[in-house]
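Here is a short briefing to read alongside the sequence and the 3D view. Have both open, and we will go from the whole chain down to single residues.

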Amino acid sequence: MDWTASLQGLIGGVLIGLSATWLMATLGRIAGISGIIGTLLTARPQGDSTWRLAFVLGLISGPVVLMLLGGSLGNVAGNGVDVTGEVIGEPAGGVALMLVAGLLVGLGTGLGSGCTSGHGVCGLARLSVRSMVATLTFLVVAIVTVFVVRHMIGGGA
Amino acid sequence: MKRETIKTIMGYIAGLIFGLGLAISGMTDPARVLGFLDLAGAWDPTLMFVLGAAVVTNFIGYRLVLRRPHPLFAERFQLPTRQDIDGRLIGGAALFGIGWGLSGYCPGPAFASIAGLTGPLVAMLVAMVAGWFLARAIPARG
């Protein structure tokens, strides 16, 4: 087992948890990425678009800060995108696959009211039954999907 | 300082820490995410450590924060109140699971990876936003 990768996972996970706690402590909001960005982009502005936009800019600048520090703090397992060194990995497929995947991720997190952060990091921490059901569902379905793609069809992601 | 400015700064800091966490943990690499989801392959446990550490940290954090009467810079805590398990929740989560398994991207890492923009990532992001619009167009009952 790659202990360095696991340790970085733990450290990064603690940071993600602290971010969610911070957002609740200061603004009283759930740190759900699909909710924050989805509302920002698809809902009529209601006066609190500013913190959402700032959150997204922060989210994007996190990896940039790591790149500026030299990139060695990144944790990619595959190939990194050229300019980003070890910080941001290459997509696992081409444009056509990503169009399908993106539509499913958007539609699914929209209908299901959350993603890995909202249901996973925040919902599980609140012991929400809805979030536990959602998290278990998308984890199991994703595992089955990867099994089908990699071990039954072959190739692809 | 105006309250709106403070809220903006707090939002930025939250996003920055979140983005740093995703990058340090390697979640900005779809290969790592797919390695975790591929139980029958060379299994990569990293995502388990990330999610576990995030949930435990936030569980403790929420315990400390939510006993206060209100957030520091807002009037009230805005927590989800729904408790029902319906088809929209489970069906949505299942569709999301398929997309996540195909790409290795969930919304956070996909947007956090914009600094390493590639054609496929653009396609992922555009389609994701289209999916959010589509979800809003589907009425809650019916």
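Helices here are DSSP runs of H or I with at least four residues, strands are runs of E with at least two, and both are numbered from the N terminus. With that in hand, chain A reads along its sequence as α-α-α-α-α-α. Please keep in mind that this is a predicted model.

**Chain A as a whole**

- Chain A has six helices and zero strands.
- Its C-alpha atoms fill a box of roughly 45 × 35 × 30 Å, taken along the principal axes.
- Of the 157 residues in chain A, 61% are buried.
- If you look at contacts in chain A between residues at least 6 apart in sequence, 36% of them join residues at least 24 apart.

- Eleven residues of domain 1 and nine residues of domain 2 of chain A take part in the contact between them.
- On the domain 1 side, α1 (3–27) and α2 of chain A each supply at least two residues.
- The largest share of that domain 1 side comes from α2(A), with four residues.
- By class, the domain 1 side that touches domain 2 of chain A has five nonpolar, five polar and one charged residue.

**Where chain A meets chain B**

- The contact between the chains involves 111 residues of chain A and 108 residues of chain B.
- On the chain A side, the elements giving two or more residues are α1, α2, α3 (49–68), α4, α5 and α6.
- The most comes from α1(A), which gives 22 residues to the side that touches chain B.
- That side of chain A divides into 67 nonpolar, 38 polar and six charged residues.

- The residues in the contact of α2(A) with α6(B) are four nonpolar, two polar and one charged.

**Helix α6 of chain A**

- Helix α6 of chain A covers residues 129–153, which makes 25 residues.
- From its first C-alpha to its last, α6(A) reaches 34 Å, close to the 36 Å expected at 1.5 Å a residue.
- Its buried residues include R130(A), S131(A), F138(A), L139(A), V146(A) and V149(A).
- The buried residues of α6(A) pack against α5 (116–125) of chain A, and also against α2 (30–37) and α4 (87–103) of chain B.
- After α6(A) comes G154(A), whose phi is positive, near 85°.

**Two loop residues of chain A with positive phi**

- S113(A) is a residue other than glycine with a positive phi, near 55°.
- You will find S113(A) in the loop between α4 (95–111) and α5 of chain A.
- S113(A) has 23 C-beta neighbours inside 10 Å, so this residue counts as buried.
- L127(A) is not a glycine either, and its phi is positive at about 55°.
- L127(A) sits in the loop between α5 and α6 of chain A.
- L127(A) has 10 C-beta neighbours inside 10 Å, so this residue counts as exposed.

**A tryptophan in a loop of chain B**

- W43(B) lies in the loop between α2 and α3 (46–65) of chain B.
- Is W43(B) buried or exposed? With 12 other C-beta atoms within 10 Å, W43(B) is exposed, because 12 or fewer is the cut-off for that class.
- Setting aside neighbours within four places in sequence, W43(B) is in contact with G35(B) and D38(B).
- W43(B) and R32(B) are eleven residues apart along the chain, and their C-alpha atoms are separated by 9.5 Å.

Terms used: Residues numbered from 1 in each chain as written. Chains lettered and ligands numbered in written order. Predicted model: local features only at pLDDT ≥ 70, side-chain atom pairs only at ≥ 80, totals over all residues. Expected span 1.5 Å × (residues − 1). Buried ≥ 20, exposed ≤ 12 C-beta atoms within 10 Å, placed from the backbone. Contact = placed C-beta atoms within 7 Å. Nonpolar A, V, L, I, M, F, W, Y, C, P; charged D, E, K, R; others polar.
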